[in-house]
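Please open the model in your viewer with the sequence panel beside it, and keep a selection tool to hand.

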Amino acid sequence: MASNQLTIVICSLLLLPLVFPSTAAYNETAPTKPIEKKVDVVVEGMVYCQSCKYSGSWSLTGAKPIPSAKVSVICKNSNKQVTFYKAFETDAYGYFYANLAGFKMSNNVLDHPLHGCHAKLVSSPLTNCSLLSNVNYGLYGAPLRFKNKVLRGTHYEAVIYAAGPLAFRPAQCTPESHV
């Protein structure tokens with residue numbers, strides 16, 4: 001009879017973790033610190049050489065991408081103080097992907113990239129297309145847009161904002177003759 005009671009006690013001890021799994025988890029492992037997710041703020045866009053035909057307008061019809069063009073991203077806080085500035089270079093297709101490493105917001109609403117950051121033209125490597133234009137406010141700072149573009153990984157997230165396409169214009173445009 002004692003062996004039957006011993007068997008019941010042993011079985012109940014073995015089944016206890018199955019009945020109360022939280023006690024088993026508490027006894028076996030210590031609480032771990034949650035893994036923090038790294039979140040990057042990114043600005044992307046394109047830089048073009050505007051066609052002479054549309055110079056002076058915002059049209060990019062016939063425009064060609066400019067590789068190695070320089071664009072800056074400037075962020076200001078709600079007091080209009082510069083909190084971030086960095087120049088970025090376009091790739092071979094005129095595209096720039098600007099990771100704003102080190103960008104910080106002290107006020108989540110007023111210092112948000114949609115409110116405080118702008119992209120501006122800096123320089124073009126093309127001598128025949130190096131004048132600044134104001135296409136999408138490239139002279140004063142193109143506002144950013146959020147188009148629900150987010151890259152996600154296990155412990156990483158990149159929130160991507162878009163700057164409207166920016167353009168340099170040619171210095172020498174032959175006027176069209178209307179004969």
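What does the accessible surface of the protein chain come to, and what percentage of it belongs to carbon and sulfur atoms? The accessible surface comes to about 11,900 Å², and 59% of this belongs to carbon and sulfur atoms; such areas are calculated by the Shrake-Rupley method with a 1.4 Å probe, and for residues only the protein chains shown count as cover.

Before going further, please note that this is a predicted model, in which local features need pLDDT of at least 70 and side-chain atom pairs count only at pLDDT 80 or more, while totals for chains, interfaces and linings use all residues. Residues are numbered from 1 along each chain as its sequence is written, and side-chain values use heavy atoms, with hydrogens and water left out.

**The whole chain**

Following the protein chain along its sequence gives the pattern α-α-β-β-β-β-β-α-β-β-β-β-β. Of the 179 residues in the protein chain, 31% are buried, where buried means under 20% relative accessible area, exposed means over 50%, and partly exposed lies in between (1.4 Å probe, protein chains only). Among the contacts in the protein chain with a separation of 6 or more, 63% are between residues 24 or more positions apart, a contact being heavy atoms within 4.5 Å.

**The disulfides**

Next, select the cysteines and show their side chains. A disulfide is a covalent bond between the sulfur atoms of two cysteines. Here a disulfide is taken to be a pair of cysteine sulfur atoms within 2.5 Å, and by this rule the count comes to three disulfides.

Begin with Cys49 and Cys129, whose sulfur atoms are 2.1 Å apart. This pair links distant parts of the chain, since Cys49 is in strand β1 (residues 38-49) and Cys129 is in the loop between β6 and β7 (131-132), 80 residues apart. The torsion about the S-S bond of Cys49 and Cys129 is about 110°, so this disulfide is right-handed. Cys49 counts as buried at 14% relative accessibility, and Cys129 counts as buried at 0%.

Move on to Cys52 and Cys173, which are joined by a disulfide with an S to S distance of 2.1 Å. Cys52 lies in the loop between β1 and β2 (64-65) and Cys173 in the segment after β10 (166-169), so the pair ties together parts that are 121 residues apart in sequence. The link of Cys52 and Cys173 is left-handed, with -80° about the S-S bond. Cys52 counts as partly exposed at 32% relative accessibility, and Cys173 counts as partly exposed at 29%.

Then select Cys75 and Cys117, joined by a disulfide with an S to S distance of 2.0 Å. Cys75 in strand β3 and Cys117 in strand β6 are 42 residues apart, and this pair too links distant parts of the chain. The link of Cys75 and Cys117 is right-handed, with 110° about the S-S bond, and both cysteines are buried. When the bonded cysteines of the protein chain are numbered in sequence order, the pairing reads 1-5, 2-6, 3-4.

**Ser72 in strand β3**

Stay in strand β3 and select Ser72. Is Ser72 buried or exposed? Ser72 counts as buried because its relative accessibility is 2%. Leaving out residues up to four places away in sequence, Ser72 touches Tyr85, Lys86, Ala87, His118, Ala119, Lys120 and Val122.

**The largest pocket**

Now select Ile74, Lys76, Asn77, Ser78, Lys80, Leu110, His115, Gly116, His118, Lys120 and Tyr140, which line the largest pocket. At least two lining residues are supplied by each of β3 (70-76), α3 (113-116) and β6 (117-123).

**Tyr156 in strand β9**

Finally, select Tyr156, in strand β9 (residues 156-163), which is partly exposed with a relative accessible area of 28%. Which residues is Tyr156 in contact with, leaving aside its neighbours within four places in sequence? They are Lys37, Lys38, Asp40 and Leu151.

Methods. On a 1 Å grid over the protein atoms alone, a cavity is a set of points where a 1.4 Å probe fits but cannot get out, and a pocket is an open set with protein on both sides within 12 Å along at least five of seven lines; lining residues have an atom within 4 Å of a point. Helices (H or I, at least four residues) and strands (E, at least two) are DSSP runs, numbered from the N terminus.
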